[in-house]
Amino acid sequence: MKIVVIHGPNLNMLGIREQNIYGPMKLEEINAQMKAVAEQNKLDIEFFQSNLEGEIVDKIQECLGDADGIIINPAAYSHTSIAIRDAIAAVQIPTIEVHVSNIYRREEFRHKSVTAPVCNGQISGFGPFGYHLAMIGMLQIFNEIQALKEQQKQAQQN
Ligand code: DQA
């Protein structure tokens, strides 16, 4: 099983940008922690960061036939990008949205995510630990899919 992690605009600046909001942890450190969890659970994992909307759309499309799950922080595009929302809806791959900060207790323009409704779930406000929670959430989704497949197989045999 493979997870693709997609980081949107300005997340390459984690550890530098607005530390009072996002904390001191760098993106490389977050990725390293996720990689360790993936290895412990025998999962493949790939990381991608872009500041460009179209590149994020391309990456989501490339997940088709390649990834079993997507963990995405679309960053500012969460609030604006119908293109990223449509790409997530198009590929029909289990997807979890992560926000480092709690977008619901910040400026009003951050309260609405246009991408979250096409995701399985959203994690917001736990700092970088949110990515770890997303890994656990994705493992649960994989287990449920596996259990459903086994049930269907058994039903066919009976
Ligand atoms: C963010 C929240 C967004 O509103 C913001 O534009 C970001 C980061 C977060 O992880 O908290 O760039 O997605």
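Visitor: What lies 2.6 Å from a polar atom of the side chain of Ser78?

Guide: The backbone oxygen of Ala75 does. This is a predicted model.

Visitor: What makes that pair a polar contact?

Guide: The cut-off is 3.5 Å between N or O atoms. The pair stands at 2.6 Å, so it falls within that limit.

Visitor: Where is Ser78 found?

Guide: Ser78 is in the loop between strand 3 (69-73) and helix 4.

Visitor: Why is Ser78 called buried?

Guide: Buried means under 20% relative accessible area. Ser78 has 0%, so it is buried.

Visitor: Which residues surround the ligand?

Guide: Among them are Asn73, Ala75, Ala76, Val100, Ser101 and Arg106. Arg17, Tyr22 and His79 are also included.

Visitor: How many residues of each class make up the shell around the ligand?

Guide: The shell has 5 nonpolar, 4 polar and 3 charged residues.

Visitor: Which side chain has an N or O atom 2.8 Å from an oxygen atom of the ligand?

Guide: That of Asn73.

Visitor: How far from a ligand oxygen are the backbone N or O atoms of Ala76 and Val100?

Guide: For Ala76, one such atom lies 3.3 Å away. For Val100, one lies 2.7 Å away.

Visitor: What makes each of these a polar contact?

Guide: The limit is 3.5 Å. Asn73 is at 2.8 Å, Ala76 at 3.3 Å and Val100 at 2.7 Å. Each value is within the limit, so each pair counts.

Visitor: How much of the ligand does the protein bury?

Guide: Taken alone, the ligand exposes 320 Å². The protein buries 98% of that.

Visitor: Where does the ligand sit?

Guide: In the largest pocket.

Visitor: How do you know that the ligand sits there?

Guide: More than half of its atoms must lie within 2 Å of the pocket's grid points.

Visitor: Why is Val100 called buried?

Guide: Its relative accessibility is 5%, under the 20% cut-off, so Val100 is buried. Val100 lies in the loop between strand 4 and strand 5. Its C-alpha is 8.9 Å from that of Gly23, 77 residues apart along the chain.

Visitor: Is Ser101 buried or exposed?

Guide: Buried. Its relative accessible area is 8%, against a limit of 20%. Ser101 is found in the loop between strand 4 and strand 5 (121-124).

Visitor: What joins the side chains of Ser101 and Arg106?

Guide: A polar contact of 2.9 Å.

Visitor: How far apart are Gly130 and Ser101?

Guide: They are 29 residues apart in sequence and 9.2 Å apart in space, C-alpha to C-alpha. Gly130 is in helix 5 (residues 129-157). Gly130 has 0% relative accessibility, so it too counts as buried.

Visitor: What makes the phi of Glu18 worth a remark?

Guide: Most residues other than glycine have a negative phi. Phi of Glu18 is near 25°, a positive value. Glu18 is in the loop between strand 1 (2-7) and helix 1 (19-22). Its relative accessibility of 41% makes it partly exposed.

Visitor: Which residue has a positive phi of about 55° although it is not a glycine?

Guide: Gln92. It is in the loop between helix 4 (82-91) and strand 4 (95-99).

Visitor: Why is Gln92 called exposed?

Guide: Exposed means over 50%. Gln92 has 72%, so it passes.

Conventions
Residues are numbered from 1 along each chain as its sequence is written. This is a predicted model: local features need pLDDT of at least 70, side-chain atom pairs count only at pLDDT 80 or more; totals for chains, interfaces and linings use all residues. Side-chain values use heavy atoms; hydrogens and water are left out. Helices (H or I, at least four residues) and strands (E, at least two) are DSSP runs, numbered from the N terminus. Buried means under 20% relative accessible area, exposed over 50%, partly exposed in between (1.4 Å probe, protein chains only). A residue is near a molecule or strand if one of its heavy atoms lies within 4 Å of it. A polar contact is a pair of N or O atoms within 3.5 Å; within protein, one must be able to donate a hydrogen and the other to accept it, and residues adjacent in sequence count only if both atoms are side-chain atoms. Accessible areas come from the Shrake-Rupley method with a 1.4 Å probe; for residues, only the protein chains shown count as cover. On a 1 Å grid over the protein atoms alone, a cavity is a set of points where a 1.4 Å probe fits but cannot get out, and a pocket is an open set with protein on both sides within 12 Å along at least five of seven lines; lining residues have an atom within 4 Å of a point. Ala, Val, Leu, Ile, Met, Phe, Trp, Tyr, Cys and Pro count as nonpolar, Asp, Glu, Lys and Arg as charged, and the others, Gly among them, as polar.
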